[in-house]
Amino acid sequence: MQTISENKCFGGIQGVYSHASEVCGCDMTFGLFLPEGAADEPVPVLWYLSGLTCTHENAMTKAGAQAWAAEAGIALVFPDTSPRGEAVANDEAYDLGQGAGFYVNATRDPWALNYQMWDYVAEELPSIVTANFALDEERQAITGHSMGGHGALTMAMRLPGRFRSVSAFAPIANPSQSDWGRKQFTAYLGPDEAQWAAHDSTLLMRRLGFDGPVLIDQGSKDQFLDLLKPEALAQAMMERRQNGQVRMQPGYDHSYFFVSTFMPDHIGFHAAALFG
């Protein structure tokens, strides 16, 4: 693992690190915020999964999460959204290829060689950060925005016992029924829609649910609302009697202005689960 940068931040350290990923077959970069208390003992950790076109850097610099995480005594991990490099398959479209890994393990060429983002975020990166930093792997939570909200919800439901809480900002909530999902699933996983169900949070909510609290925030003026389909997930949560909230926030769009506005609520929500 290589240290790219480390900066003092709200009493803690905001670091950026790179490492050779075995599962993705390339070098990967991630951000990690450690609050001041990590100097004395392992601290709880909140994973933040970013959306389409993002790298590890977008949420790290735009979400305003460090101030609230420092106050709560929680570490933040900011993974990248896809493998990177000249040898890694890509596409001219912004919503496929590099920057658009969709948190799945691709099985189709040319993507299968590198696009193993489920295994990277669920297994490889956690083993690296817990081995090298003072993180309490028994106290974890997960959140994300847009494509990252999709990733956070699907991982929370498919990895029971891993996360104490899950939240999402404007998640892609029903990707098997949306152009943000059908296109990527077809490319990465193939045309058999039965293979997509494991990566659709609405379908997973109906089948599995989550063994903890859920918080979803969605802006009413989101320019991508028809692609996100929050009403499908809300209905599935109601049908399952899921412990959680879906909040429609009047006037907010899809941007990091929206995310940063409600970040304090989400950090507080996860802190209650991590320390409660």
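Residues are numbered from 1 along each chain as its sequence is written, and side-chain values use heavy atoms, with hydrogens and water left out. Because the model is predicted, local features need pLDDT of at least 70 and side-chain atom pairs count only at pLDDT 80 or more, while totals for chains, interfaces and linings use all residues.

A pair of aromatic rings is described by the distance of the centres and the angle of the planes. The structure holds 13 aromatic pairs, where rings of Phe, Tyr and Trp (its six-membered ring) pair if their centres lie within 6.5 Å, and where planes under 30 degrees apart count as stacked, over 60 as edge-to-face and the rest as tilted. One of them joins Y17 and F30, whose ring centres are 5.6 Å apart and whose planes stand at 35 degrees, so this pair is tilted. Because Y17 lies in strand β2 (residues 12–21) and F30 in strand β3 (residues 26–34), the pair ties together parts that are 13 residues apart in sequence; helices (H or I, at least four residues) and strands (E, at least two) are DSSP runs, numbered from the N terminus. Y17 counts as buried at 2% relative accessibility, and F30 counts as buried at 0%, where buried means under 20% relative accessible area, exposed over 50% and partly exposed in between (1.4 Å probe, protein chains only).

The rings of F102 and F185 have their centres 5.8 Å apart and their planes at 85 degrees, so this pair is edge-to-face. It links distant parts of the chain, with F102 in the loop between β5 (75–78) and α3 (117–132) and F185 in helix α5 (residues 179–189), 83 residues apart. Both F102 and F185 are buried. Elsewhere, ring pairs link F169, Y252, F258 and F262 into a cluster.

Helix α2 (residues 65–72) and helix α9 (residues 256–275) pack at an angle of about 30 degrees, with their axes 9 Å apart; axes are lines fitted to C-alpha atoms, for helices over the stretch in contact, and angles run from 0 to 180 degrees between N-to-C directions. The two helices, α2 and α9, are therefore roughly parallel to each other, since angles under 35 degrees count as roughly parallel, over 145 as roughly antiparallel, 65 to 115 as roughly perpendicular and the rest as oblique. Their contact (heavy atoms within 4.5 Å) is made by A65, W68, A69 and A72 of α2 and by M263, P264, I267, A271 and F275 of α9.

Most residues other than glycine have a negative phi, and most peptide bonds are trans. In the loop between β5 and α3, where P110 is placed, the peptide bond from D109 to P110 is cis, with omega near 0 degrees. Y103 also lies in the loop between β5 and α3 and has a positive phi of about 60 degrees although it is not a glycine; at 0% relative accessibility, Y103 counts as buried. R241, in the loop between α8 (230–240) and β9 (244–249), has a positive phi near 60 degrees, but R241 counts as exposed at 70% relative accessibility.

Not counting residues up to four places away in sequence, Q184 touches D95, L96, F102, D179 and L189.
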